[in-house]
Amino acid sequence: MALTAEHLNLTIDRIPYLDDLSFTLERGRLHTLIGRTQAGKTTLLRTIAGLQRVDTGRLELDGESFLAKPVWERDVAMVYEQFINYPHLSVLDNVAFPLRRRGFSVDVARERARAVLERVNLRGFEERRPAQLSGGQQQRVALARALARSADVLLLDEPLANLDYKLREQMREELRGLFSDQGGAIVLYTTTEPAEAMMLGDVVLVMHEGRLLQAGRPDDVFDRPATTAVAAVINDPPMNIVSGAIEDGLVRLGGGRSLPVPSHMRGLAPGGYQFGIRAVELELGSDDDVVGTVTFSEVSGSETFLHVETPVGPLVLQVEGVHGFALNAAVPVAINPDRLFVFDPDGRLVAAP
Amino acid sequence: MMSRLYLVLKYGTIVLWSMFVVAPFLWALTTSFKTVNGVTSGPTYLPWLQYEPSLSGWTSLFGGTGGIDIVQPYLNSIIVTLGASTISIVLGTLAAYGLSRFTYQLAFAKNSDIVFFFVSQRIMPPVVLGIPFFLMLRFLGLLDSQLGLIVVYIALLLPIAVWVMVDFFNNVPRQLDEMAMLDGCTPLQSFLSVVLPNSLPGIIVAGLFCIIFGWNDFFFAFTLTFTQTQLLPVAIVALNSSVTPWWTLSASALISVTPLVVIAILVERFLSRGHLAGAIR
């Protein structure tokens, strides 16, 4: 009982939108698809919905081919990044619309729509037109419409991307609860935000430039990113990647900096590697650490992202608290070898802390 | 200070322009109540004070002496204009939706070429089409008939309807149709139940254009009819014999422009933008 894709390919004007995608999405699970913009997330959702044709590949729902079915015969609901509702219908009739199309009487459809509107906290807005609602409310209407019909497949394309920060946090909390009521549905939720993907997903899929790089439980993907590209996408700010080598029992980084080989790297053959470390695991150090100069400093919430140019390479530190750093100030950065991810020169993970 | 100057200029311009536009109508209105003496004795505007008003200009339109019976041409004009406009809007809206949403390839012609083909029908001067239409209608036995004129007017109005509606549909977000199809509508159902209800402003604009062009046409009404199916513009011009009855002419001009004015007032509120707000943000 699942949605299975095999070798989906789509190339438009020589740009690969979908590049040999194969995956299985299971019923009753919430899958988050994380990738940067242009990674092919929307194209994939549109393919599953039937709004986009592919060049080659197979797509099956419970063993039945999906690609041959037109959109209106697939039981797929979708929420767009933009808030799309029917402008000529009231909020209530917007939500009742897909139920009406599926043969429910006006009364039953409206009754169900009312119940769903209650679940998305839109009670009292039934008679308004979408244009009379705020952005967050409009997206709730779209969400209610998608939830109302209990579709086999529920697709959400960055549904929170156009909401303000506060509202996004709040709706993210609510979504978890809403999806848990969806029973046997296959839910696929795309996002560009690592925190959202990790928090919502039972399964996280990582997409980059049309390819599926990794799929797995959120903690697996987070703890063992398969490639440097995955490591960059699922960390915010992206994981720092610097090149170096393991030689003579030492981790050698740029600028003549050497660190002792930690236990998780013991089995690795000497040679060139790429080392990754999360911004949050870099710390301001003392004078015998790597010293770099500040190129940029930005405050995000209660943290400061500090961009430092060092002999090892450019690094981004996530420092707790709000700090003002002067441009070009000298800053020592402590690199803890125990927290280093090791990738081979082609970018594949070979050791993780 | 700046804003007061702006207001003065703004309303000054509007008042001047209104006078420019409305004055001919006032002129026609006062003329329609004059007789020979009133018309020939110089520019006079105020009835009773400057000239003795008379209803003969108006009564002559409804069987009175020295005029025509305007009722039959009026009905002809209404039937032909409304008939042709309605059919053009129905066909034009369907064609425009297809051209806006689906990709066609007829030999070398793609969607944009097909749209241009429609618009190009209006590039030629109508005179070019006069003789072909005459020969075709004669062959069909439809000369001097309402049906014949309706067929010809559809050929003239359909390009306008297609052109206006293609432009309108291109501005209706595609996601709306997609949403409807995801909700279980076939393409035709999504057109009828979602796109069409949100296209009222476009349809009204296209309809208004069709009615104006159809109502005002003189050339085809003149060349393709004789006596049985005179339309209003032809009937009015036919008044112009050796002595021009300016009062009758003025009355008939006012009476013929009235429907357009009424329609314009009725649909004015639909012509404002922003009707699709709430579809997509």
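Let me start with the sheet in chain A that has six strands: it is open, its order is 13-12-11-14-20-21, and the pairing is antiparallel. Strands here are DSSP runs of E with at least two residues, helices are runs of H or I with at least four, and both are numbered from the N terminus. Two strands pair if DSSP finds at least two bridges between them.

From one strand to the next, the twist averages 40°. Inside the order, strand 14 (residues 271-277) and strand 20 (residues 341-343) of chain A run antiparallel and are joined by three bridges. Opposite Gly276(A) you will find Phe341(A), in strand 20 of chain A.

Before going on: this is a predicted model, in which local features need pLDDT of at least 70, side-chain atom pairs count only at pLDDT 80 or more, and totals for chains, interfaces and linings use all residues. Residues are numbered from 1 along each chain as its sequence is written, while chains are lettered from A and ligands numbered from 1 in the order in which they are written.

Chain A also has an open antiparallel sheet of four strands, in the order 2-1-4-5. Strand 2 (15-26) and strand 5 (64-65) of chain A each have a single partner strand, so one side of each is left without a neighbour in the sheet. Strand 1 (residues 2-12) and strand 4 (residues 56-61) of chain A pair over five bridges, and Thr4(A) stands opposite Glu60(A). Helix 1 (residues 41-49) of chain A lies across strands 1, 2 and 4 of chain A, at about 60° to strand 2. Axes are lines fitted to C-alpha atoms, for helices over the stretch in contact, and angles run from 0 to 180 degrees between N-to-C directions.

Next, the two chains. How many residues of chain B are in contact with chain A? There are 19, and they touch 25 residues of chain A; contact means C-beta atoms, placed from the backbone, within 7 Å. Helix 8 (residues 174-182) of chain B gives the most to its side, with six residues.

Last, a helix pair. Two packed helices are described by the angle between their axes and the distance between the axes. For helix 4 (residues 71-101) and helix 10 (residues 200-216) of chain B, the axes come within 9 Å and cross at roughly 145°. Among the residues that meet are Ser77(B) and Gly92(B) in helix 4 of chain B, and Ala206(B) and Trp215(B) in helix 10 of chain B.

Notes:
Contact = placed C-beta atoms within 7 Å.
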